[in-house]
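Please consult the sequence and the structure shown below while reading.

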Amino acid sequence: QGLRGISDLNIRFNYPVSVLSGPNACGKSTVLFTLACAYKVPSSGIKDFVPSTMFPDFLTKKDDYPTDKRNPAILEFYYIHEGQRYRMSWSRGTRNWNRSFLGLKGGKPPERTVYLRTMANLSNPSEVRGVLQFGHRDLRKEEITADLLTFAHRILPLHYKHLILMSQGGMKGKNLLFAERDDLDGVSYSEFHMSAGERAILRLSRDISRYKKALILIDEIEAGLHPFTQQQLMLELQRLALRNDLQIVVATHSPVILDTVPPEGRIFLERTSDNNVIVHPPYRDIIQKAYYGRSIDKHSILCEDDAAEATLRGIMDLINRRLNLTPSDIEIGRDTGKDEFPHHVRAMANFRQL
């Protein structure tokens, strides 16, 4: 309540992999960063996963400079962790955030590993630009083990012999990946020479494959990824969630990502005219048409010649009006001949459009 223009929002996360979706400025990132404040995170600093860090304010005592206004806000969490029921609240008046356990004496938050990442940052070369200042002193090399690469191998059409992480002591967060692939005869290359998608998937594979029972939060998960890669990534995330007992929440603008989870994993957010955010029921086709301008469930019809295409278009022009369909719901394409049909069938099947 009262955070970033959200007066009152209540969300349940009932599926191992949940997808937050909706237009810009509807609160997806706000919800994601709020979830990062739900647990006591082992081995983290006291300021790492708290509202004051996730939702900073710019304040100044100069009268002629703009500042952020601190409004009263409340974040309440109700959860079951390892069979126990917990409840916790973060609240802020006009000054600092305070934590309470809603009347429970001696309460404490459950402990859980939390991983929070923005895929856009993962695929940004500036994130690793500082490594160009590496010196020869205290330079460290770590080989990424095969179990941490399985996730990437299932998604990328590449196979890696070795993946090396170069880092230097005293430079927290500064490291650089080097890859060696089977098809390049032992030649290695750094992530400065990787595509945005390859870099993002390799980083993600290394980071999350080791976690058990953790909360994984990923913003802008589709950044830099081809639609087919998005599908493969979400499939592997669901497999990993079940195998390692993870809870994963991602935020996206991609209808492809949205379609990879069942309705109970879809959370549609929309900002209202009275400065609030609401959750829509997951009526997929209606909501997707509203958010993305078209349905992603389409019929694709291939025909052999001009006469077949003209006939089908005439039929569909009549049916579309009766069924309130748009031309983009049913695509009609003309093939060069029946011998090309197997190729098109394979291509459409790859993209789940058969």
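## Helix 1

Is helix 1 mostly covered or mostly uncovered? In this predicted model, helix 1 is mostly covered, as seven of its eight residues are buried. The buried residues of helix 1 are K28, T30, V31, L32, F33, T34 and L35.

Six strands form an open sheet with mixed pairing, in the order 5-10-11-1-12-13. The edges are held by strand 5 (114-118) and strand 13 (277-280); each has a single partner strand, so one side of each is left without a neighbour in the sheet. On average, neighbouring strands of this sheet are turned by 20° against each other, direction ignored.

Within this sheet, three bridges link strand 1 (residues 17-21) and strand 12 (residues 266-271), which pair in the parallel sense. S21 has F268 of strand 12 as its bridge partner. Two helices pack on the sheet. Helix 1 touches strand 1, strand 5, strand 10 (215-219), strand 11 and strand 12, and its direction makes about 155° with that of strand 10. Helix 5 (residues 196-208) touches strand 5 and strand 10, and the direction of helix 5 makes about 170° with that of strand 5.

Strand 2 and strand 3 run antiparallel and are joined by nine bridges; in strand 3, Y86 is the bridge partner of Y79. The hairpin of strand 2 and strand 3 has two residues between the strands, and in this hairpin E82 takes a positive phi near 55°. Strand 3 (residues 84-92) also pairs with strand 4 in the antiparallel sense, over four bridges. In that pairing, N98 in strand 4 stands opposite S91. The hairpin that joins strand 3 to strand 4 runs through four residues.

Strand 8 (residues 175-181) has seven residues, of which six are buried, so strand 8 is largely enclosed by the rest of the structure. The cut-off for a buried residue is a relative accessible area under 20%.

Strand 8 pairs with strand 7 and with strand 9. Strand 7 (residues 160-168) runs antiparallel to strand 8 and is joined to strand 8 by seven bridges, with M166 opposite L176 in strand 8. Strand 9 (residues 188-190) pairs with strand 8 in the antiparallel sense over three bridges, and S188 in strand 9 stands opposite E180.

## Positive phi angles in loops

Most residues other than glycine have a negative phi. S43, which is not a glycine, has a positive phi near 65°. S43 is placed in the loop between helix 1 and helix 2 (51-54). Is S43 buried or exposed? With a relative accessibility of 85%, S43 counts as exposed.

D245 likewise is not a glycine and has a positive phi of about 55°. The loop that holds D245 lies between helix 6 (227-244) and strand 11. With a relative accessible area of 47%, D245 is partly exposed.

## The largest pocket

The volume of the largest pocket is about 1,300 Å³. How many residues line the largest pocket? The lining has 36 residues, of which I11, F13, L35, F77 and Y78 lie nearest the centre of the pocket. L35 is also one of the buried residues of helix 1.

The elements that give two or more residues to this lining are helix 1 (28-35), strand 2 (73-81) and strand 11 (247-252). Strand 2 gives the most, with eight residues. By residue class, the lining of the largest pocket divides into 20 nonpolar, eight polar and eight charged residues.

Note on methods:
Residues are numbered from 1 along each chain as its sequence is written. This is a predicted model: local features need pLDDT of at least 70, side-chain atom pairs count only at pLDDT 80 or more; totals for chains, interfaces and linings use all residues. Side-chain values use heavy atoms; hydrogens and water are left out. On a 1 Å grid over the protein atoms alone, a cavity is a set of points where a 1.4 Å probe fits but cannot get out, and a pocket is an open set with protein on both sides within 12 Å along at least five of seven lines; lining residues have an atom within 4 Å of a point. Grid points are joined across faces, edges and corners, and a volume is the space filled by probe spheres set on the points. Ala, Val, Leu, Ile, Met, Phe, Trp, Tyr, Cys and Pro count as nonpolar, Asp, Glu, Lys and Arg as charged, and the others, Gly among them, as polar. Two strands pair if DSSP finds at least two bridges between them. Axes are lines fitted to C-alpha atoms, for helices over the stretch in contact, and angles run from 0 to 180 degrees between N-to-C directions. Contact means heavy atoms within 4.5 Å. Buried means under 20% relative accessible area, exposed over 50%, partly exposed in between (1.4 Å probe, protein chains only).
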